[in-house]
Amino acid sequence: PELFKLADREQFDLHITPIAKRLGDAVVRMLAYNDSIPGPTLRVRQGSELQVNVFNEGDIETTVHWHGLRLENRFDGTAALQRPISIGGRFTYRLTFPDPGLYWYHPHIREDYAQEMGLYGNILVDPLEPEYWPPVNREFIFTLDDILLEDGKVAPFSRFQTTYTAMGRFGNMLLINGESEQHLKPHLGEVVRFYLTNTANTRVFNLSVPGARMKRVGGDSGHYE
C-alpha cells in the first residue's frame, strides 16, 4: 500500500473497485481501496482535519468506518448513523484526529464479505509531543489477515445474510500486508517499530520475531509501555 502524508484540511479521494489479485498460485477477484490491498495508508498530524471523498465502484452498498477515531457521529460510517453509499454513489467524510496512534478504516455493512475481500487500510496519526514514542531507526506498518480459498477462488458468501457467526470465518491462507510473505532486512542493533493491525474477521494472531527483543509500547486503548 502507498503511504500518503496529508496536511491539515487536505482532501483525499478513496475509490472502491474490484481487482484481480494473485494469492499463491491463484488469481482471485477481490475488492480494494485505490487498487491496493491493504488500501492506502493515510499519515496525518495530531489535531489536523481531513476530507475523504469515497466513490463506491464496487459490487455492494457500503460505508467506511474509521475505527477508533473520535469524530462526529454522522461521519462514523456505521449503518445506524449513515445511509449506505449505493453502487455508483459517493459520500464525503470529514475526519478529525485528536489522538495519536494507529487506526484503520473498513466497511461497516456486510463486513463478513467486504472486509474479507480486501477492504481495509491504515491511518497513522503522528503525535504533537516529540517524545511521545521512544526513538527508533525505522518503522513498518503490518496488516495481518487471513482468507479462505477453495478451488482457486475465494470461498463463496451468502447473498442474503452474514456468512458464519461473529462476522467471520477462519481462512486457510495467512496474509501480511495482503501477501503470503514479507521480507525485511533490518541491521544488527537497529531499533525497529512495528505498527500492527489485525483485520481478520475472527482469527487472533500470535506474532513473534525470532531472535529479536520485543517491547510493546502502545495499543488501541492508548499510550502505555
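Visitor: What makes strand 5 and strand 7 antiparallel partners?

Guide: Two strands pair if DSSP finds at least two bridges between them, and here seven bridges join strand 5 to strand 7 (residues 90-96), running antiparallel. That meets the cut-off, so they count as paired. Take Q51: its bridge partner in strand 7 is R94. Bear in mind that this is a predicted model, where local features need pLDDT of at least 70, side-chain atom pairs count only at pLDDT 80 or more, and totals for chains, interfaces and linings use all residues. Residues are numbered from 1 along each chain as its sequence is written, and side-chain values use heavy atoms, with hydrogens and water left out.

Visitor: How do you know that strand 2 pairs with strand 5?

Guide: By the bridges again: seven of them join strand 2 (residues 10-23) to strand 5, and these two run parallel. One example is D13, whose bridge partner in strand 5 is N53. As for what a strand is, it's a DSSP run of E, at least two residues, numbered from the N terminus.

Visitor: Why is strand 5 called mostly covered?

Guide: Buried means under 20% relative accessible area, exposed over 50%, and partly exposed in between, using a 1.4 Å probe and protein chains only. Seven of the eight residues in strand 5 (residues 49-56) are buried, hence the label.

Visitor: What makes strand 13 and strand 14 edges in their sheet?

Guide: Their sheet is open, with three strands in the order 13-10-14 and mixed pairing. Strand 13 (173-176) and strand 14 each have a single partner strand, so one side of each has no neighbour in the sheet. Strand 10 (residues 138-147) pairs with strand 14 in the parallel sense over seven bridges, and F140 has F194 as its bridge partner in strand 14.

Visitor: Why does S208 count as exposed?

Guide: Its relative accessibility is 55%, and exposed is over 50%, so S208 qualifies. S208 sits in the segment after strand 14 (192-198). From A32, S208 is 176 residues away in sequence and 28 Å away in space, C-alpha to C-alpha.

Terms used:
Helix = DSSP H or I, 4+ residues; strand = E, 2+ residues; numbered from the N terminus.
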